[in-house]
Amino acid sequence: MSLSSAAPPPRINAGRSALWLLAGLTMLFLLAPIAVIIFVSFNDTTLFSFPPSRWSLRWYHALWESRAWREAGWFSLWLASLVALASLLIGVPAAYGLAKGRFRGRRLAEALLISPMVVPVIVLALGLYMLFSKLGLIGTPTSLFLAHTLLALPVVIVIVGAAFRRLDGSIELAARSCGASFPRAFWHIVLPAVRPALISAGAFAFLTSFDEVVLTLFLGGPRTTTLPKKIWESVKFELDPSLTAVSTILIIVSIAALLLVELARRSRIQRQAKEAP
Amino acid sequence: MGASLQINSLGKSYGPSQAVASVSLDIAAGEFVSLLGASGSGKTTTLMMIAGFTPPDAGEIVLDGQPITHLPPERRGIGVVFQNYALFPHMNVARNVGFPLKMRRVSAADTARRVTEALARVGLAGLGERLPAQLSGGQQQRVALARALVYEPGLLLMDEPLGALDRSLRETMKTEIRRLHRQLGITIVYVTHDQEEALTLSDRIALMDRGRIVQIGSATDLYERPVNAFVAGFIGESTMIGGKVVRDGEAGQALLPAAGGPPLPARPGALREGDTATFLLRPEKASLSAADAPGSGLRATVQDIVYVGEISRLTLRLDGGPELTIKQPNRADAYQARIGEAVKIDWAPDDAVLLAA
Ligand SMILES: Nc1ncnc2c1ncn2[C@@H]1O[C@H](COP(=O)(O)OP(=O)(O)OP(=O)(O)O)[C@@H](O)[C@H]1O
Ligand SMILES: [Mg+2]
C-alpha cells in the first residue's frame with residue numbers, strides 16, 4: 001500500500017522503454033495469427049494473400065451457401081449448449097456437496113471429479129474410445145455429448161465450488177430459520193448469491209465443448225461434424241479461404257463468451273465496491 | 001406473545017471433545033435469558049441446537065409444550081439473528097424482511113403492510129429499496145432483527161448480535177433490543193461473551209464453562225451469590241483468598257487465610273468449620289476508616305491507590321495477612337487514605353461469601 005502511494009512520478013528511461021518494447025512484441029506475437037486470419041477472411045482472392053488486395057464478404061457468403069458448414073455450425077452450437085446445461089446441472093450440486101459437505105471420501109470424490117482436467121486429453125480420448133466402442137456409441141452425437149460433458153464438468157466444479165466456499169454459510173441458515181426448506185433456501189438464496197460464478201461456469205463449459213477437437217476426432221463419425229472438426233477435415237483436402245471466415249466466427253463466439261464472464265464479474269465487483277463503506 | 005422453552009440434558013460432541021454436556025434450561029414465556037461464557041464454552045452450539053441447525057446427540061427440546069428436537073429448522077418457527085447479520089445480498093431490504101412471509105405464502109398486500117410495520121419498528125422506515133451492501137453495520141443488524149421478527153415468532157435467538165458493532169452503536173442497539181423485548185413480549189435467548197451485555201439485558205443469565213451451565217440466575221444472584229470461584233471470577237471484580245473455615249462469634253463464620261493473618265468474617269453458608277474454602281469480597285463492599293477510629297474492623301496498610309474518576313481502587317495489606325482490593329468513592333464524606341498509611345477496613349459479614357474450594 002505505502003509503496004504505491006509513494007510511487008515516483010512516471011519517468012521515461014531506457015529500462016522502461018525496453019520493457020514496453022518487449023511487451024509490445026509479445027502481444028504482437030500472440031495476436032498476429034488471429035489478426036492474419038481475420039484480415040484474410042475479408043480478402044477477395046482465392047489465394048491467402050496478405051495484406052488483402054480487396055475487401056469482401058465473399059468467403060462468409062460461401063460459408064452460408066454451404067450446407068455442410070451450416071450444419072456443422074448448428075451442431076457445434078447445439079452440442080456446446082447442451083454440454084453447458086448438463087455440466088451445470090451435475091456440477092453445481094456436486095460442487096455444493098464438495099464445498100459444504102463433511103463426509104468420508106470427500107477429498108477422493110473431488111479428485112476424481114476434477115481428474116479429467118489433469119489427465120492428458122489424448123489419454124482420455126483413448127480410454128473413451130475403448131469404452132464407447134464396447135457400448136457401440138462411436139460416431140454418435142451421444143458419445144460427443146458425454147465426452148464433452150466429462151471435460152466441462154471439472155471446469156464447473158472448480159469455478160462454482162470456489163464461489164460456494166467463499167459464500168457466508170449463515171445466509172443459508174438464515175433462510176432456513178425464515179421458514180425455507182433446504183431446496184427452497186438453495187433455489188431462492190444460495191444459487192442467486194453465486195450467480196456470477198454460475199454464468200462464468202456456464203460460459204467456460206460452453207467454450208470447452210465449442211473448441212474441442214481431440215475427443216471429437218477420436219469419437220466422432222460422419223454424423224458428428226463440429227466446426228473445429230470440419231476445419232480440420234477441410235485443411236486436409238485444400239486450403240479454402242472459407243476456413244479463415246469460420247475461424248473468425250469461432251473467435252467472435254469465444255470473445256462473446258468471455259465478455260459475458262467479464263460482465264458477470266463486473267456486477268459482482270460493483271456490489272463489493274458498494275459494500276465497502 | 002412469547003413461547004416457553006424447556007431444554008433437558010442436551011448434549012453434543014465433536015469427536016472426543018464435548019462441545020455441550022448435559023445442558024438443561026427452563027425458560028418461561030417472555031423471559032430474556034443470556035448464555036454467557038468464554039470462547040469455546042458451548043454457547044453457539046447450544047443455540048444452534050435450539051434453532052435446529054445442529055442435531056443434538058442427547059437430550060430434548062420442548063417449545064411451548066411441543067417437542068421440537070427432531071423438527072427441521074424451517075418448521076420450528078424460531079427467529080434467529082446472526083452475528084454477521086446474514087442478510088441476503090441479492091435482495092433489497094424489503095425483500096429480505098418479506099422473505100419469511102413469502103415462505104409462508106402470505107399475500108402480497110399483507111406482506112407489504114407487515115414489512116412496512118416491521119421496518120418502522122426497528123427505525124428503518126423508508127429504506128426498503130436499499131440493498132444490504134448500501135447500509136451501515138447498525139442498519140444491517142436492524143434489518144436482520146426486522147426479518148427475524150416479521151412473522152411474530154414466539155422465540156428469538158441471537159448469537160452475539162452486537163459483536164461486530166462499535167461501542168456507541170452497541171449501547172444504542174442494547175436499548176433497542178430491550179425496548180423490542182418489552183413491547184413484543186417475545187422470549188429471547190441471547191448469546192454473548194460480554195458480561196456487561198448479559199447483566200444489563202437479561203432477566204436471567206446462564207453462565208457456561210466447558211459445555212456446562214455453571215450457574216443460572218438473575219444478575220444479582222450471580223454477582224452476590226456465586227456458587228463457586230469460577231462464577232465469582234467471571235462476573236465483576238473480586239478479591240479471593242484461600243484458607244480454612246473457622247467459627248466467628250456465636251453463629252458466624254470466618255475464613256482463616258492459609259497465608260496467615262486475622263480471620264475474615266463472612267456470611268455463614270453450607271461449609272463447615274475446618275473445610276478449605278475461598279473467601280470472596282467484592283471491592284465496593286468494604287469501607288475504610290482511620291486506624292484509631294472507634295468501631296470494629298481489621299487493621300491494614302495502604303499499598304497502592306489508583307484514581308479512576310468516580311472511585312479510587314486501593315490495594316491494602318492486612319496486618320500479617322493477605323492483600324485485599326477495595327473501591328472507595330471519591331466523595332468528600334468518604335475517608336481518603338494515603339499510600340503507606342495505616343487504616344482500618346470493615347465490611348458487613350453478609351457481604352462476604354465463603355465458596356467451596
Ligand atoms: N462444527 C464443529 N466441529 C468441531 N468442533 C466444534 C464445531 N463447532 C464447535 N466445536 C467445538 O465445540 C466447542 C464449543 O463451541 P461453540 O462454538 O459452541 O463455543 P462458543 O461458546 O460459541 O464460543 P465463541 O464465544 O468463541 O463463539 C469448541 O471447543 C469448538 O471448538
Ligand atoms: Mg459462538
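## The site around ligand 1

A residue counts as near a molecule if one of its heavy atoms lies within 4 Å of it. By that rule, ligand 1 is surrounded by residues of chain B: B:Tyr14, B:Ala19, B:Ala38, B:Ser39, B:Gly40, B:Ser41, B:Gly42, B:Lys43, B:Thr44, B:Thr45 and B:Glu160. The model is predicted. By class, this shell has three nonpolar, six polar and two charged residues. Helix H1 of chain B, residues 43-51, gives the largest share of the shell, with three residues.

## Polar contacts to ligand 1

Which residues place polar atoms by the oxygen atoms of ligand 1? B:Ser39 is one of them: an N or O atom in its side chain is 2.5 Å from an oxygen atom of the ligand. B:Gly40 uses its backbone instead, with an N or O atom 2.8 Å from a ligand oxygen. B:Lys43 brings a polar side-chain atom, and that atom lies 2.8 Å from an oxygen atom of ligand 1.

How much of ligand 1 does the protein bury? Taken alone, the ligand exposes 640 Å². The protein buries 56% of that area.

## The interface of chains A and B

The two chains also meet each other. In this interface, 21 residues of chain A are in contact with 24 residues of chain B. The size of an interface is often given as the accessible area lost when the parts come together. Here the area buried between chain A and chain B is about 2000 Å². Carbon and sulfur atoms give 65% of it. Three residues stand out on the side of chain A: A:Ser177, A:Cys178 and A:Arg184. Together they supply 27% of the area that chain A buries against chain B, more than any other three residues.

Polar contact is present too. Across the interface, seven residue pairs are in polar contact, with both residues at pLDDT 80 or more. On the side of chain A, the elements that give two or more residues are helix H8 (170-177), helix H9 (182-193) and helix H13 (242-275). H8(A) provides the largest share, seven residues. By class, this side of chain A has ten nonpolar, five polar and six charged residues.

## The salt bridge between the chains

The structure holds 22 salt bridges over all chains. How many of them link chain A and chain B? The count between these two chains is one. Its partners are A:Arg176 and B:Glu74, whose side chains meet at 2.7 Å, N to O.

Why does this pair join two chains? B:Glu74 lies in the loop between strand S5 (66-67) and strand S6 (79-81) of chain B, while A:Arg176 lies in helix H8 of chain A, so the bridge runs from one chain to the other.

How values were computed
Residues are numbered from 1 along each chain as its sequence is written. Chains are lettered from A and ligands numbered from 1 in the order in which they are written. This is a predicted model: local features need pLDDT of at least 70, side-chain atom pairs count only at pLDDT 80 or more; totals for chains, interfaces and linings use all residues. Side-chain values use heavy atoms; hydrogens and water are left out. Contact means heavy atoms within 4.5 Å. Buried area is the accessible area (1.4 Å probe) that two parts lose on being put together, summed over both. A salt bridge is a side-chain nitrogen of Lys or Arg within 4 Å of a carboxyl oxygen of Asp or Glu. A polar contact is a pair of N or O atoms within 3.5 Å; within protein, one must be able to donate a hydrogen and the other to accept it, and residues adjacent in sequence count only if both atoms are side-chain atoms. Helices (H or I, at least four residues) and strands (E, at least two) are DSSP runs, numbered from the N terminus. Ala, Val, Leu, Ile, Met, Phe, Trp, Tyr, Cys and Pro count as nonpolar, Asp, Glu, Lys and Arg as charged, and the others, Gly among them, as polar. Accessible areas come from the Shrake-Rupley method with a 1.4 Å probe; for residues, only the protein chains shown count as cover.
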